[in-house]
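I opened my notebook for a friendly look around this one. Here is what I looked up, entry by entry.

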Number of protein chains: 2
Amino acid sequence: MSRTEIKELGEFGLIHHLTKNIELQNASSIVGVGDDAAVIDHFGKQTVVTTDMLIEGVHFDLAYTPLKHLGYKSVVVNLSDIYAMNAAPTQITLSIGVSSRFSVEALDEFYEGVYAACEEYGVDLIGGDTCSSQKGFIISVTALGEAIADKVVLRSTAQKGDLICVSGDLGAAYIGLLFLEREKKIYLESPQVQPDLENESYVIGRLLKPRARKDIQEFLDDSAIVPTSMMDISDGLSSELLHICSKSGVGCLIYEEKLPIAEASKNAAYKFQIDPTACALSGGEDYELLFTIRQEDYEKITLNEQISVIGYVTEAEKGATLLTKGGNSYTITAQGWNAFKP
Amino acid sequence: MSRTEIKELGEFGLIHHLTKNIELQNASSIVGVGDDAAVIDHFGKQTVVTTDMLIEGVHFDLAYTPLKHLGYKSVVVNLSDIYAMNAAPTQITLSIGVSSRFSVEALDEFYEGVYAACEEYGVDLIGGDTCSSQKGFIISVTALGEAIADKVVLRSTAQKGDLICVSGDLGAAYIGLLFLEREKKIYLESPQVQPDLENESYVIGRLLKPRARKDIQEFLDDSAIVPTSMMDISDGLSSELLHICSKSGVGCLIYEEKLPIAEASKNAAYKFQIDPTACALSGGEDYELLFTIRQEDYEKITLNEQISVIGYVTEAEKGATLLTKGGNSYTITAQGWNAFKP
């Protein structure tokens, strides 16, 4: 019998492999596997469903992640997927598996963060499962949201000529991770050394307490802009751009100088002698929205300082290209986070 | 700082502890934490949501659980919760965490079982997450279903005088587990001994390939019977009876002689010198439906041989009582499966 290693397929290859034969059976299943969330029809109003699993040692390190932040983030990363469908989150379910290492007080802290996120975003925790694990902390969240049927935005509908937009700024969460990993290493080697993270609160905050862009989804709605495609940036801008290009059958041209990068991120990146642009392109966990709009919506978009136009959609043959500040063209490749990388 | 061990609270105590302060925020959140599934309103038709996490070494042992059966069962146990709401399942999401110990072929087998269950019950797999785990196999399924608003059946609405019914037969899955655990022990001690399970295919099948009682939910619907309360039996009949009693503020009287136990289960139990009644009361994972009906529905219920009337609902003061074949009364206590028992 042959044996194929999961890492040979990679995360998306594996998902494709496992789900490629699905045929939806119910008329109410409008969108299934393959986008940020699934869509279920309910007489005009549609329910949007998404789910994420977070595993200790794989997705988070409790050496530097406060449990309250972890609870908050576990919810927010799912809500981000709902907003990325141009929907409003309404409910979540939460399942956790915990080993005897964790006390009730520890779980209280975790749930404090969960409930803080629920309150901030107006969602209800409506179910879940609580069980013991043999090792570590395991979290699974499913989020549901509501959308108007003809306003749901997929990844597969970008059109040549559309403008490519991102919300907020990029790369900070990855640089925050580098700082925390460095401090952990120092601590393990010399426990008496106090961590010095005070000047890096911006990048660290972006990693530990990300926000879902409810404000952007509401702005688009209020401005009567329906993006032609949208997804959230969890694995890195490059990776997500390639998703939209391949799903929509288009190419893209991105201008390096247009990439929104916070001053704090640039300064922090230089301390690690890494290129802020590389962080913006390949760093994951920013949870900003990446979306495309029709050119005629450009004027409306400029009213929101939290949105940057970074390029435009081209025909598929042109590929995905980055035009650098120096005038060079590079082909964009996915170097974002891969769940099955060794 | 004080430290409370999770096992001090137990599973349900912990869930209560973690969720007791929830206030639902959305008008569409009809039922939240505390029943088999959550209910979300959608203009008359309601969406029912439930979720379960299964962890290797805690919920299943791959030494004697074929991956295909595991995939099938992971779906079915969630669908069982949907039927227990008197709803019809329509969609699931599935997240898995797997270590490098598992190959793609192994996951294929698992998904074969998942898809077999989806096809058999007519549900769509509409999303999920696939990630690596540090250790073992982790499964999280969320199931969605549809119900007519005024036909959703909760655990909290049993009334004094109602008849208590169960579907199918009880205790078999637990006895099947005993056999498999015994064979595993023999195998570990003497790998050359071939397992002899042929005569126990009924009880082992009940453990490894449970069914969700779609047929019972459809029979109730076709017969215009709306149970006054209902839940599925995953932790054992005693435990579930006590849930219905405490949630509904009632007591119950159960007749030992009415408990449905298959001949194969009785014979298998005697081989272990254990009481089949104890297995029926405390053995988990049968996934039968436990429900209460109005007395006037009794005639209709007798038309279905798969349904047994095992007792009736009393006032709360009478407690939960088992009347034995010998004429003795025992107070029913929960000895079902507890996720946090050491």
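Which residue of β12(B) does B:Y255 stand opposite? I looked it up in the model, which is a predicted one, and found B:L323 across from B:Y255.

**Entry 1: the strands around that pair**

I then checked how β9 and β12 of chain B are joined. Strand β9 covers residues 250-255 and strand β12 covers residues 320-323; they run parallel, with four bridges between them. I reminded myself that strands of a sheet pair through backbone hydrogen bonds, in either parallel or antiparallel fashion.

**Entry 2: the whole sheet**

Next I traced the sheet in chain B. I read seven strands in the order β8-β10-β7-β11-β9-β12-β13, forming an open sheet with mixed pairing. At the edges I found β8 (229-233) and β13 (329-331) of chain B, each pairing on one side only. From one strand to the next, I noted an average twist of 25°.

I also looked for a helix on this sheet and found α7 (residues 237-248) of chain B packing on it. Helix α7 touches β7 (163-167), β8, β9, β10 (288-293) and β12 of chain B. I wrote down the angle too: the direction of α7 makes about 155° with that of β8(B).

**Entry 3: helix α8 of chain B**

Which residues of α8 (residues 263-271) of chain B are buried? I got B:S265, B:A268 and B:A269. Seen down the helix axis, these buried residues fall within an arc of 100°, so they line one face of α8(B). On the other side of α8(B), I found B:E263 and B:Y270 exposed.

I wanted to know what lies over the buried residues, and the cover includes α4 (172-189), α5 (201-208) and α9 (276-282) of chain B. Just after α8(B), I spotted B:Q273 with a positive phi of about 55°.

**Entry 4: the two domains of chain A**

Last, I turned to chain A, which is divided into domain 1 (18-151) and domain 2 (163-331). Taken over C-alpha atoms, the centres of these two domains are 22 Å apart. I counted who takes part in the contact: 17 residues from domain 1 of chain A and 20 residues from domain 2 of chain A.

Which helix gives the largest share of the domain 1 side? I found helix α2 (residues 67-83) of chain A, with nine residues. Sorting that side of domain 1 of chain A by class, I got nine nonpolar, four polar and four charged residues.

Terms used. Residues numbered from 1 in each chain as written. Chains lettered and ligands numbered in written order. Predicted model: local features only at pLDDT ≥ 70, side-chain atom pairs only at ≥ 80, totals over all residues. Domains from an automatic or database assignment. Contact = placed C-beta atoms within 7 Å. Helix = DSSP H or I, 4+ residues; strand = E, 2+ residues; numbered from the N terminus. Nonpolar A, V, L, I, M, F, W, Y, C, P; charged D, E, K, R; others polar. Buried ≥ 20, exposed ≤ 12 C-beta atoms within 10 Å, placed from the backbone. Arc of directions from axis to C-beta. Pairing = 2+ DSSP bridges. Axes fitted to C-alpha atoms, helices over the stretch in contact; angles between N-to-C directions.
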